[in-house]
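Here is a short briefing on charged side-chain pairs. Read it alongside the sequence and the model.

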Amino acid sequence: MPVEPPVTSPARLADAYAVLTEAPTRPIAGGTDLMVALTGELGEPPARILDLWRLDELRGIAVDGDAVTIGALTTYTEIRRSSVCREHLPVLVEAAATIGAAQIQNRGTLGGNIANASPAGDTLPVLLAADASFVLGSGRGERTVAARDFWPAYRRTALAPDELLLRIRIPLMAGREMRFRKVGTRRAQSISKVVLAVGWRDGRLGTPLQAPSPWTDVRLALGSVAATPIRAAATEAVLEGRAPTPETADLAAETLAGELQPIDDVRSTAEYRRLVAARVLHRVIREAGGW
Ligand SMILES: Cc1cc2nc3c(=O)[nH]c(=O)nc-3n(C[C@H](O)[C@H](O)[C@H](O)COP(=O)(O)OP(=O)(O)OC[C@H]3O[C@@H](n4cnc5c(N)ncnc54)[C@H](O)[C@@H]3O)c2cc1C
């Protein structure tokens, strides 16, 4: 029988930081990832647990100047219901709606998805493509880490053992368009085989009105195709400054298929992931181009 680790549930952030400095302690938010690890079947279970659920500082969704900030404890259900997210980040709402089913969406948090660092985490490509950054806190103060620097290796994060993820900051960008696509075995309760998010701005300046306008500030991010969620830099470079025409779609899809180096695993072969990612991108470009 596994031994149940002691759980501390502070209501103040300062008390939470103090617990984290005493001895190795795993934070728990919604528990939808961590509870699975408590049986010990997936490795050493945590010796001590810090329950974050009462920390109000880690809650709330707001427009803060030129960004949307989302508390780490925000659940997928809260994201789906948030008027701020629906207006400014519909792509995150769309991603939240694909995660697990209602029970997981009611309990699982955005911060948990980020800190869990699974390469298949569905919100992670959205956050990469949106140029999100993460505010981390500890007894030593706060610091901000860009999403592109947050997952350095498989299941690793930039969090120090005594740090918590406090909130997510997503800059607002006038005229930004974003799309999200997830490919899994089913429509619900499935781990992604390929997950893709793309963002761009309409660079209409100087384009004849009837022609599709070129994309600028292109961000293309993918999950489940590498050890970490990644940006596809070579494909971004192909898309930058080009309009979403059939030629662009062909070239971008070909570049992406060449750029990705996925792995074979129980869910998919590398070849399947490469092909599907390229086809999904092709279709997104086609839909944006209206052809
Ligand atoms: C049936 C089922 C279906 C699922 N479906 C999907 C899916 O479709 N897509 C998907 O992406 N995921 C899915 N998941 C995984 C999981 O639900 C998500 O990753 C969820 O967002 C985790 O959030 P949580 O609050 O439950 O995290 P927890 O389990 O509480 O924590 C996860 C990890 O993050 C750390 N952590 C949590 N919050 C913080 C914080 N604020 N600061 C520092 N560290 C922190 C914990 O220590 C732990 O290591 C599924 C899980 C289950 C059980």
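## Salt bridges in brief

The count of salt bridges comes to 15. The model is a predicted one. Side chains of opposite charge can pair when their charged atoms come close.

**Arginine 48 and glutamate 22**
- A salt bridge joins the side chains of arginine 48 and glutamate 22, at 3.6 Å from N to O.
- The partners lie 26 residues apart and link distant parts of the chain. Glutamate 22 sits in helix 1 (residues 13–22), while arginine 48 is in the loop between helix 2 (34–37) and strand 3 (49–51).
- Arginine 48 has 22% relative accessibility, so it counts as partly exposed.
- Glutamate 22 is exposed, at 56% relative accessible area.

**Arginine 169 and aspartate 66**
- In the salt bridge between arginine 169 and aspartate 66, the closest N and O atoms are 3.0 Å apart.
- This pair also links distant parts of the chain, 103 residues apart. Arginine 169 belongs to strand 8 (residues 164–171). Aspartate 66 is in the loop between strand 4 (61–64) and strand 5 (67–71).
- Arginine 169 is partly exposed, with 30% relative accessibility.

**Aspartate 162 and arginine 140**
- Aspartate 162 and arginine 140 meet through their side chains in a salt bridge of 2.5 Å, N to O.
- The two are 22 residues apart, and both are in loops. Aspartate 162 lies between strand 7 (141–146) and strand 8, arginine 140 between strand 6 (133–138) and strand 7.
- Aspartate 162 is at 16% relative accessibility and therefore counts as buried.
- Arginine 140, at 60%, counts as exposed.

**Network**
- Salt bridges link Asp131, Arg219, Arg231 and Glu236 in a network.

Notes
Residues are numbered from 1 along each chain as its sequence is written. This is a predicted model: local features need pLDDT of at least 70, side-chain atom pairs count only at pLDDT 80 or more; totals for chains, interfaces and linings use all residues. Side-chain values use heavy atoms; hydrogens and water are left out. A salt bridge is a side-chain nitrogen of Lys or Arg within 4 Å of a carboxyl oxygen of Asp or Glu. Helices (H or I, at least four residues) and strands (E, at least two) are DSSP runs, numbered from the N terminus. Buried means under 20% relative accessible area, exposed over 50%, partly exposed in between (1.4 Å probe, protein chains only).
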